[in-house]
Amino acid sequence: MRQPLVAGNWKMNGSRASVAELLAGLKAGIGRVKAAEVAVCAPAIYIPDTQKQLEGTPIKWGGQDVSVHASGAYTGEIAGPMLTDFGCHFAIIGHSERRAYHGETDATVAQKFEAARAAGLVPILCVGETLDEREQGITEQVVARQLDAVIAHCGIEMVGQGVIAYEPVWAIGTGKTASPEQAQEVHAFIRGRLAASSPVVADSVRVLYGGSMNPKNAAELMAQADIDGGLIGGASLKADDFLAVCAAANR
Ligand code: PEP
């Protein structure tokens with residue numbers, strides 16, 4: 001039985017004041033979330049504040065990226081051990097915004113997955129096609145390529161220690177959600193791809209959906225057989241909305 005996971009991706013949003021307010025709201029309302037494991041992935045500079053507020057609560061926290069290096073002369077980078085130093089449990093890896101705007105290739109993403117695991121983090125590996133790729137009918141090809149790069153570099157057992165997030169790029173921040181059927185189809189494909197290397201990993205690994213998930217559509221998406229929760233951008237910035245998405249995993 002896979003425990004649902006709902007993780008917030010705050011991206012580059014917030015201030016010390018708004019983070020404090022958001023976290024206070026999450027702490028006050030987390031009791032209504034019965035089934036899901038809940039996490040927030042904060043901008044790196046707000047991770048110490050996040051740790052202070054969330055320590056001792058059931059809510060976990062994480063980073064939005066991790067360097068391929070553990071330390072050294074890499075100006076501006078944040079290493080995996082630095083994240084764990086501040087109590088991070090998760091790290092988002094290979095988000096489409098990093099692939100698109102920071103030149104992250106499948107090979108870089110695979111190295112980052114490995115670096116996150118080496119630091120003891122649970123990587124949340126993002127995969128997903130652009131609108132153009134969907135229209136060309138190559139969604140499965142793209143997702144397979146992104147997944148296979150990590151399996152080849154890290155090995156299927158290590159992939160099994162992480163979480164996969166299927167995030168169709170055309171649904172991220174656009175208000176256009178994949179239908180439950182569209183999402184389930186790709187989630188089943190991802191599980192099948194993992195099963196080709198290890199049926200055990202395929203059965204146990206959590207595959208989240210991400211892309212304009214909100215309190216209105218979350219329950220229907222999470223009711224699909226292969227959708228084990230969500231990676232939430234916009235709707236994670238308001239405590240009530242995020243908690244409602246988290247509670248949608250209650251059964
Ligand atoms: C994301 O950035 O991972 C995401 C899913 O964003 P949104 O929920 O805003 O589409």
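How many residues does helix α1 have, and how far does α1 reach from its first C-alpha to its last? In this predicted model, helix α1 runs over residues 16–29 and has 14 residues. Its reach from the first C-alpha to the last is 20 Å, close to the 20 Å expected at 1.5 Å a residue.

Next, consider which residues of the helix are covered. The buried residues of α1 are V19, L22, L23, L26 and G29. They lie on the same side of α1 because they cover an arc of only 135° around the axis. Exposed residues are found on the other side of α1, namely R16, A17, E21 and A28. Here, buried means under 20% relative accessible area and exposed means over 50%.

What do the buried residues of α1 pack against? Their partners are the strand β2 (37–41) and the helices α2 (47–54) and α12 (239–247). Helix α12 has buried residues of its own: A239, F242, L243, V245, C246 and A247. Among the elements that cover them are α1 and β2, along with β1 (5–9), α11 (218–222) and β8 (229–232).

The last stop is empty space. Rolling a probe the size of a water molecule over the atoms shows where such space is left. The largest pocket has a volume of about 590 Å³. Its lining consists of 23 residues, and K11, M12, Q64, D65 and R98 lie nearest its centre. Helix α4 (residues 96–101) gives the largest share of this lining, three residues. By type, the lining of the largest pocket divides into eleven nonpolar, seven polar and five charged residues.

Conventions:
Residues numbered from 1 in each chain as written. Predicted model: local features only at pLDDT ≥ 70, side-chain atom pairs only at ≥ 80, totals over all residues. Heavy atoms only, no water. Helix = DSSP H or I, 4+ residues; strand = E, 2+ residues; numbered from the N terminus. Expected span 1.5 Å × (residues − 1). Buried < 20%, exposed > 50% of the residue type's maximum accessible area, 1.4 Å probe, protein only. Arc of directions from axis to C-beta. Contact = heavy atoms within 4.5 Å. 1 Å grid on protein atoms, 1.4 Å probe; cavity = no way out; pocket = protein on both sides within 12 Å on 5 of 7 lines; lining within 4 Å. Points joined across faces, edges and corners; volume = space filled by probe spheres on them. Nonpolar A, V, L, I, M, F, W, Y, C, P; charged D, E, K, R; others polar.
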